[in-house]
Amino acid sequence: MTATDMTTTPARLGRLSAGLAGLTGWRRLLAAAGFGGLATLALPPADAVPLLLIAFPGLLWLLDGARTKRQAFAVGWFFGFGHHLLGLYWISAALFTDIDRFWWALPLSAAGLPILLAMFTGCATLLAWTLKGRGLGQGLGQGLGRVFLFAASWALFEWLRGHVFTGFPWNLIGYGWTGVLPVLQGVSLIGIYGLSLLTVLVASLPAVLADAAVPRRRAWGALAAGLALFAALGAWGGLRLAGASDAAVPGVRLRLVQPAIDQRLKWAAGERVRNVERQMELSVSPSAEPVTHVIWAETAVPLFLDQDARLRQALGSVTPPGGLLITGVPRMESGPEGAPLYYNSLAAVDGSGAVTGRFDKFHLVPFGEYMPLRRWLPVGAIAGNGAEFSAGPGPVSLDLKGLPPVSPLICYEVIFPGAVLPAAADGAARPRWMLNLTNDAWYGNTAGPHQHFAIARTRAVEEGMPLVRVANTGISGVVDSHGRVTAMLPLGHRGVVDAALPEALPTPTLYGRVGDGAFGLLLLTCFAVGLRARHRR
């Protein structure tokens, strides 16, 4: 870049930032929603991360024009609304599997969830605007300090979004790096929240180029340093991948069965038995090498296995000799007062038809598997055909014949960072792999299954532990402890894939040992740098 470019670029950005800061009323809010939608394209399946270099400076320049707390909140809220409206459009697809029953929930899923999630973004911009100081709220540009305060505020409320009200840490900004595996290795140190923090920080730095109070060399130097940070992170990640082992667990050969059953037929009375038979046929199809364990998806058996001995024996007939068939099933038991309790479960069946291992889902989907507003919404959960599921204990370490200890995760349990493995204090053996059963057939050919797979893949890198994912339809596959996909069945494909089970890392990653502790340290550092810069100004 020439000296002329370094002079003219800030001038042009200065005019652009002044124009955005000068917007008022609906024009400001519409621009905020547009920048929020643009930020969504940085995430899977688009993976256009460079767009964040436009979206976040745009948000900061709009925030520069805020004169009241209400305006500061509104800018962030509309950014978040546009971001989640585009990023979560696919959730509404689930309702069309039975639109006659759930038509009333369509506006709630399409707009209601983005409305709620945007509250976190609005609070983030409000906090950033407040912390930079009342006297600094007039005019454009507040130096590098406001970038640190904004990035820290964003990351704080992204973390809160992942925890409060049972949490929904979907489409965190850091997931934009799932398409750049060397950079994604950073989550083994600082987790996905830490990677989000660094991403927002660096993506916001172009806003400083328009700040007339910041010397040109310092502004360009800050941007260059930010980009160099990710170049260094990518270089470190590349070296980590270069030294990765391809070792597999000896004596284990997994068969992943993806039947691609239409969700509208999955629970149909006349199709349930036939659906099971189709999966049995896939399970015994020829293989190049002997299979030791067959794995089916979430609720792949849409019948009560514990109450049907003939069904258990039928499943035992397709179980590999000396191995297991692991499948998702609904489970029913009597409650304290005799009322039935339902669970979304995993069952392991041996060759005799005996259930030798069981796991009940512990993190249920609000509205999908239970109704949190039962008093005001007298309808049943969407996924349970009107019935509600109960939560089991978890996470757990499950011992299954012929396999290392496993942490089972059903559907969206895999999206929660730091909550996919049992605590070391629980006394059970540390799992050596994670098993995620899911049913993304609810969402058809949309962005949702791609996002879900990317999120699951990130858990493997964070924990340094392989992850096996089996979907009714979606994306089934095997991911090693560095996030490399070693086997996969694409979205909508009916078939099986046979694969070895990769070995876990010999020791836990830094994130596996300290969890979000490293992220918390980064967060406090960013707040401290931003506040110190504010006082110096």
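I started with Trp236 and found it in helix 10 (residues 216–242); helices here are DSSP runs of H or I with at least four residues, numbered from the N terminus. This is a predicted model, where local features need pLDDT of at least 70 and side-chain atom pairs count only at pLDDT 80 or more, while totals for chains, interfaces and linings use all residues. Residues are numbered from 1 along each chain as its sequence is written, and side-chain values use heavy atoms, leaving out hydrogens and water.

Together with Leu189, Leu510 and Val514, Trp236 makes a nonpolar surface patch of about 300 Å² (Shrake-Rupley area, 1.4 Å probe; members have over 30% relative accessible area and no salt bridge, with nonpolar side chains joined within 5 Å; a salt bridge is a Lys or Arg side-chain nitrogen within 4 Å of an Asp or Glu carboxyl oxygen).

Next, the inside. I looked up the largest nonpolar core, which has 120 residues (buried Ala, Val, Leu, Ile, Met, Phe, Trp, Tyr and Cys joined through side-chain atoms within 4.5 Å). Helix 9 (residues 187–204) gives the most to this core, 11 residues. Val468 is among the residues with the most contacts inside the core. Beyond four places in sequence, I noted that Val468 touches residues including Leu254, Trp433 and Leu501 (contact: heavy atoms within 4.5 Å).

Last, helix 4: its buried residues include Trp77, Phe81 and His84, and these buried residues pack against helices 2, 3, 6, 7 and 14.

Definitions and conventions:
Buried means under 20% relative accessible area, exposed over 50%, partly exposed in between (1.4 Å probe, protein chains only). Helices (H or I, at least four residues) and strands (E, at least two) are DSSP runs, numbered from the N terminus. Patches are made of residues with over 30% relative accessible area and no salt bridge: like charges are joined within 9 Å, nonpolar side chains (Val, Leu, Ile, Met, Phe, Trp, Tyr) within 5 Å.
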